[in-house]
Amino acid sequence: MSYLPIQQVLKTLPVGTDVTIKGWVRTKRESKNAVFIALNDGSTINNIQAVAEAGQLSEDTLKLITTGACIAVTGPLVESQGAGQAVEVKIVTVQVYGPADPDKYPLQPKRHSLEFLREIAHLRPRTNTFSAILRIRHALAFAVHKYFNDNGFYYLNTPIITASDAEGAGEMFRVTTLDATKPPLTEEGKVDYSQDFFGRETNLTVSGQLEGELGAMALGKIYTFGPTFRAENSNTTRHLAEFWMIEPEMAFYELEDNMNLAEDFVKTVIRYALQHCADDLAFLDNRLKEEEKTKKKEEQSELGLLEKLQFVISNEFVRLTYTEAIEILVNSKPAKKGQFQYEVSWGVDLQSEHERYLVEKHFKKPVILTNYPREIKAFYMKQDEDGKTVRAMDVLFPGIGEIIGGSQREDDFDKLVARMHEVGIEPEALWWYLDTRRFGSAPHAGFGLGFERLVLFVTGMGNIRDVIPFPRAPKTAEF
Ligand code: ATP
Ligand code: MG
Ligand code: MG
Ligand code: MG
């Protein structure tokens, strides 16, 4: 007698083996001669069918075997008569671990809307769609660690509670142990954070980059892969308040090395998912095709999911400067016809509609834009000689827009301090960061990839809240 996950039973065991399968009932169907139970244990998109003869199971037991109930079945693997499956379990014994009242269990054997499933995020991993997404998410996370390990990077854990605001973007969640109803006040009537836990104002991290740079300036090549928090007050399909960011940082890398790494990295992890999640991707590809059929013709996507993944791994990414991109966008049809929601001109930060136009309509390839205006990018990016732009790079994907943001970092102490003054950051507050430029400064570069944007792309889902187990967004934090 062996107990194995369904995925391994289907893959490795020959007909005739006695097995015990434990899982949740997806469907039960009764015919004149037999009872058919489809079981799934989360290890694979494929159910295994368990069959009992009519009259074999007591009425009381049968009543408990409904969609959502957890059961164990034991019996030999036999060849299946049914279409779409090679083997099934011929039930000898059944044990019901936990029934699920059919009048109350919210997941019935039909397609539920994603909106409804978001309301029951605690149960949605039991659906085909979400179990597929979560298995792909796992495979991608593993591929990320594997890629960096294979390429000589060290995994660096950067602080989650920080005293610095890396981007100066003001989208931080305050961390405090003070009593919010009556905090201690200074003589000027402001909250006295010197009495707080850390003796100062602290926040949840918006990026591990500044600390990541410290790691690169000691270990050479590092990456972070940790939770990141941004109080984004917009309700978009690409922003979460809590997400996971992957941030490699490399000493002795310049902008071009950074672009080469970003391109090789995303292609490699997507290839990994294609190789290791074929069943789940095929399921999501099909699901998407059915969904597309319900849309208006002009809103249907030209590429299927698998084609979109091939599109990224088989094309060389187009590389051009922000200035060249603006030229293209300004002269584009949508700009001339006033079809962009946001106007575009040199100096503006690009919106995802502009980014997607470049990728999907103009180049029909993934794009890396470089050398953005310094005013719209963070203070730490290396300044170009023209005094106007910085060595930034954004990687743009179809259906998503920005998936990666990165840059070569400013390694000149004086230029960095001057820029901090310009944007209103006190150099003393980041004295530890400036030490890397004060002592043994070196050219270096890095980038940040929002892990959920990658999962969003690879699964072909439309909303970032559907690719993380427990989404946090404005007014959404059930757990
Ligand atoms: P966007 O322009 O889409 O708001 P950003 O430029 O503010 O992104 P960066 O600060 O460059 O983002 O962060 C690096 C990466 O982190 C982005 O390229 C994106 O993949 C991801 N990211 C940023 N904000 C979020 C968020 N709120 N939720 C999920 N991923 C995010
Ligand atoms: Mg943003
Ligand atoms: Mg951006
Ligand atoms: Mg960015």
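**Exercise 1. Into which domains is the chain divided, and how far apart are their centres?**

Solution. The chain splits into domain 1 (2-98) and domain 2 (126-171 + 206-466). These bounds come from an automatic or database domain assignment. Next, take the centres over C-alpha atoms: 44 Å separate domain 1 and domain 2. Five residues from domain 1 and seven residues from domain 2 make the contact. Two residues are in contact if their C-beta atoms, placed from the backbone, lie within 7 Å. Finally, sort the side of domain 1 that touches domain 2: two residues are nonpolar, three polar and none charged. Here Ala, Val, Leu, Ile, Met, Phe, Trp, Tyr, Cys and Pro count as nonpolar, Asp, Glu, Lys and Arg as charged, and the others, Gly among them, as polar.

A note on the model: it is predicted, so local features need pLDDT of at least 70, side-chain atom pairs count only at pLDDT 80 or more, and totals for chains, interfaces and linings use all residues. Residues are numbered from 1 along each chain as its sequence is written, while chains are lettered from A and ligands numbered from 1 in the order in which they are written.

**Exercise 2. How many helices and strands does the chain have, and what share of its residues is buried?**

Solution. Count the elements: 14 helices and 18 strands. Both are DSSP runs numbered from the N terminus, helices (H or I) of at least four residues and strands (E) of at least two. Then turn to burial: 37% of the 479 residues count as buried. A residue is buried if 20 or more other C-beta atoms lie within 10 Å of its own, exposed if 12 or fewer, and partly exposed in between, with C-beta atoms placed from the backbone. The C-alpha atoms fill a box of roughly 85 × 55 × 45 Å along the principal axes.

**Exercise 3. At what angle do helix α4 and helix α6 pack, and which residues make the contact?**

Solution. Locate α4 at residues 128-150 and α6 at residues 255-276. Their angle is about 135 degrees, and their axes are 9 Å apart. Therefore α4 is oblique to α6. The cut-offs: under 35 degrees is roughly parallel, over 145 roughly antiparallel, 65 to 115 roughly perpendicular, and the rest oblique. Axes are lines fitted to C-alpha atoms, for helices over the stretch in contact, and angles run from 0 to 180 degrees between N-to-C directions. Now list the contact: α4 gives I136, A139, L140, A143, V144 and Y147, and α6 gives F265, T268, V269, Y272, A273 and H276. Ten of these residues are nonpolar, two polar and none charged.

**Exercise 4. Which residues does T237 contact, leaving aside its neighbours within four places in sequence?**

Solution. Find T237 in the loop between β12 (221-229) and β13. Its contacts are G462, N463 and I464. T237 and L456 are 219 residues apart in sequence but 9.9 Å apart in space, C-alpha to C-alpha.
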